[in-house]
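Here's a quick briefing on a chain you can look over for yourself. Have the sequence and the model open as you go through the points.

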Amino acid sequence: MARKKETDYFEAFVGGVNSACAAADMLCTVFAHYEPEALPGHIEAMHKIEHSADIAKHGTMEQLVREFLPPIDREDIMELSGTIDDVTDSIEDVLLRLYMFNIRTLRPEAQAFAQVIADCCAALKTMMEEFPNFRRSKTIHTQIVEINGLEEQGDKLYTDAMHTLYADASTPVDVMAWTALFDRLEKCCDKCEDVADVVERVILKNS
């Protein structure tokens, strides 16, 4: 009897990051051509990406239960799958907040934030494609540092955006709404860095 093909967890990780990249690209498109009336449709499309990522993650977890000897520790597979999924969730949350707060026009920093998030996700994809070779890779540490650097760009953008927001003569409602939105945009970058942190811990544990 032919042996059942084992789950390729590294391929599953890349699949999860591909969902995050699709979500980030959609966020960039929405921000570049922002139309408040189109948000419900964008939210529906974004939710399809997020839902597909969730289904794939649950499938990976089901396979992990049956796996005899996974390539890395089960706890690491679970944590990495979860942190990758968190990236997509955090991007979806931005669109939801735009709708909930009835944002009619975007502040200038929003589009710059979307681009940093997209860059973070693209860097995550490069890192996860290299991850199967982590024991002998000569580039994965550089990729981790790149993601850390992009997260720092997000931190600076957040600080400057918040300063400008509170310096402007905005209404209290605008200040409240954009404080929450900038928090969530910055959180997207943090979630990308969380993935890089888990990868780095896995490398150290298996070195």
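Ser81 sits in helix α3, which covers residues 74-100; helices here are DSSP runs of H or I with at least four residues, strands are E runs of at least two, and both are numbered from the N terminus. Keep in mind that this is a predicted model, where local features need pLDDT of at least 70, side-chain atom pairs count only at pLDDT 80 or more, and totals for chains, interfaces and linings use all residues. Residue numbers start from 1 along each chain as its sequence is written, and side-chain values use heavy atoms, with hydrogens and water left out.

**Around Ser81**
- Ser81 counts as buried because its relative accessibility is 9%; buried means under 20% relative accessible area, exposed over 50%, and partly exposed in between, with a 1.4 Å probe and protein chains only.
- A polar atom of the Ser81 side chain lies 2.9 Å from the backbone oxygen of Ile77.
- Once neighbours within four places in sequence are set aside, Ser81 touches Phe13, Lys57, Thr60 and Met61, a contact being heavy atoms within 4.5 Å.

**Helix α5**
- Helix α5 takes in residues 140-167, 28 residues in total, and reaches 41 Å from its first C-alpha to its last.
- That span is close to the 40 Å expected at 1.5 Å a residue, the expectation being 1.5 Å times one less than the number of residues.
- Its buried residues include Ile144, Ile147, Leu150, Gly154 and Leu157, and also Gln143 and Glu151.
- The buried residues of α5 pack against α4 (108-130) and α6 (172-205).

**The whole chain**
- You'll find six helices and zero strands, so the element order from the N terminus is α-α-α-α-α-α.
- The radius of gyration is 19 Å, close to the 17 Å from the globule rule for 207 residues, so the chain is as compact as a globular protein of that length; the radius is taken over C-alpha atoms, and the rule is 2.2 Å times the number of residues to the power 0.38.
- Along the principal axes, the C-alpha atoms fill a box of roughly 70 × 35 × 25 Å.
- Of the 207 residues, 47% count as buried.
- Among contacts with a separation of 6 or more, 83% join residues 24 or more positions apart.

**Confidence**
- The chain averages a pLDDT of 93, and 97% of the residues score at least 70; pLDDT is the predictor's confidence in each residue, from 0 to 100.
- Over residues 1-5 the pLDDT is below 50, and this stretch has one contact in the model beyond near neighbours in sequence.

Key:
A polar contact is a pair of N or O atoms within 3.5 Å; within protein, one must be able to donate a hydrogen and the other to accept it, and residues adjacent in sequence count only if both atoms are side-chain atoms.
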